[in-house]
Amino acid sequence: MLSMRSDDLTGRARIRDAALELFGAEGVNRVSVRTIAAQAGVSPALVLHHFGSKEGLRQACDAYVVSLVRGGPDGVDLGDTAGLAASLEAGAPVRRYLARALLDGTPDAAALFDEIVASTGRWLEGGVDEGWVHPSDDPRARAAIYVTWLLAPLAFGRHLARVLDVEDVHEMDATLRFSRAAIEIFTRGVFADDRALAAWDAVRKAR
């Protein structure tokens with residue numbers, strides 16, 4: 001069995017990051033192991049040594065994205081400005097990867113979405129317990145809608161870029177702009193009273 005040296009670990013992360021970028025830009029089926037190796041500056045044999053196959057590498061990318069949703073493998077404090085900035089900077093390849101994975105509609109992408117919804121639900125319910133999130137009548141539906149809302153720019157990236165007059169919605173300034181608008185909605189709300197909610201409940205009750 002080969003020993004795992006520190007440079008092996010560095011190589012593994014470099015390969016994963018290269019795969020995230022390439023899979024996000026081109027799609028999994030259009031990217032070869034050789035291309036990923038060239039992007040990472042390693043040999044194709046090292047890619048296979050670490051991940052076994054391209055499918056194994058794709059699964060590692062999924063696991064990494066889920067770890068970020070859970071709070072980050074390095075325990076980044078999203079309440080800290082520097083930590084938040086670092087997470088957003090590192091997130092562009094992740095957002096592109098998510099866009100490809102979720103829009104491909106594969107079973108693996110469905111499992112990834114379910115995992116993100118589940119971890120987000122736990123995070124929101126933790127916020128309810130701590131008092132910084134309002135309780136919900138349907139916590140699971142709220143978590144699913146919350147995740148879908150945050151991922152919507154990935155599916156509508158071209159349209160959002162056009163409306164906001166930016167080149168790429170994944171660039172830092174554009175991301176900060178539309179994500180702040182989302183956080184403002186989540187924090188302050190949109191409607192000043194509950195007439196829309198009351199009307200919706202009345203329709204549901206009538207059915």
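Arg204 and Asp201 join their side chains in a salt bridge, 3.4 Å from N to O. This is a predicted model. Why can these two residues meet? They lie three residues apart in helix H10 (residues 195-206), so about one helical turn separates them. Arg204 is exposed, at 60% relative accessibility. Asp201 is partly exposed, with a relative accessible area of 33%. Elsewhere, salt bridges with shared partners link Glu55, Arg58 and Asp62 into one network.

Arg58 forms a salt bridge with Glu55, and their closest N and O atoms are 2.8 Å apart. Arg58 counts as buried, because its relative accessibility of 9% falls under the 20% cut-off. Glu55 is partly exposed, at 37%.

Now move to Arg16. The side chains of Arg16 and Asp17 meet in a salt bridge, 2.9 Å from N to O. Arg16 is buried, with a relative accessible area of 18%. Asp17 is partly exposed, at 34%. In total, the structure holds nine salt bridges. The general idea is simple: side chains of opposite charge can pair when their charged atoms come close.

Leu57 touches Arg16, and its other contacts beyond four places in sequence include Ile15, Phe23 and Ile36. Ile15, Phe23, Ile36 and Leu57 have the most contacts inside the largest nonpolar core, which has 36 residues. Helices H1 (6-26), H2 (33-40), H3 (44-51), H4 (54-69), H5 (81-104), H6 (107-130) and H7 (139-155) each give two or more residues to this core. In soluble globular proteins, nonpolar side chains tend to be buried together.

Next, take Gln39 in helix H2. Is Gln39 buried or partly exposed? Gln39 is partly exposed, with a relative accessible area of 45%. Setting aside neighbours within four places in sequence, Gln39 is in contact with Ala18, Glu21 and Leu22. Gln39 and Glu21 are 18 residues apart in sequence, with their C-alpha atoms 9.4 Å apart in space.

Finally, step back to the whole chain. The protein chain has 10 helices and zero strands. Of its 207 residues, 33% count as buried. Among contacts between residues at least 6 apart in sequence, 57% join residues at least 24 apart. The chain exposes about 13600 Å², and carbon and sulfur atoms supply 56% of that area.

Note on methods:
Residues numbered from 1 in each chain as written. Predicted model: local features only at pLDDT ≥ 70, side-chain atom pairs only at ≥ 80, totals over all residues. Heavy atoms only, no water. Core = buried A, V, L, I, M, F, W, Y, C linked by side-chain atoms within 4.5 Å. Buried < 20%, exposed > 50% of the residue type's maximum accessible area, 1.4 Å probe, protein only. Helix = DSSP H or I, 4+ residues; strand = E, 2+ residues; numbered from the N terminus. Contact = heavy atoms within 4.5 Å. Areas by Shrake-Rupley, 256 points an atom, 1.4 Å probe, with all protein chains shown as cover. Salt bridge = Lys/Arg side-chain N within 4 Å of Asp/Glu carboxyl O.
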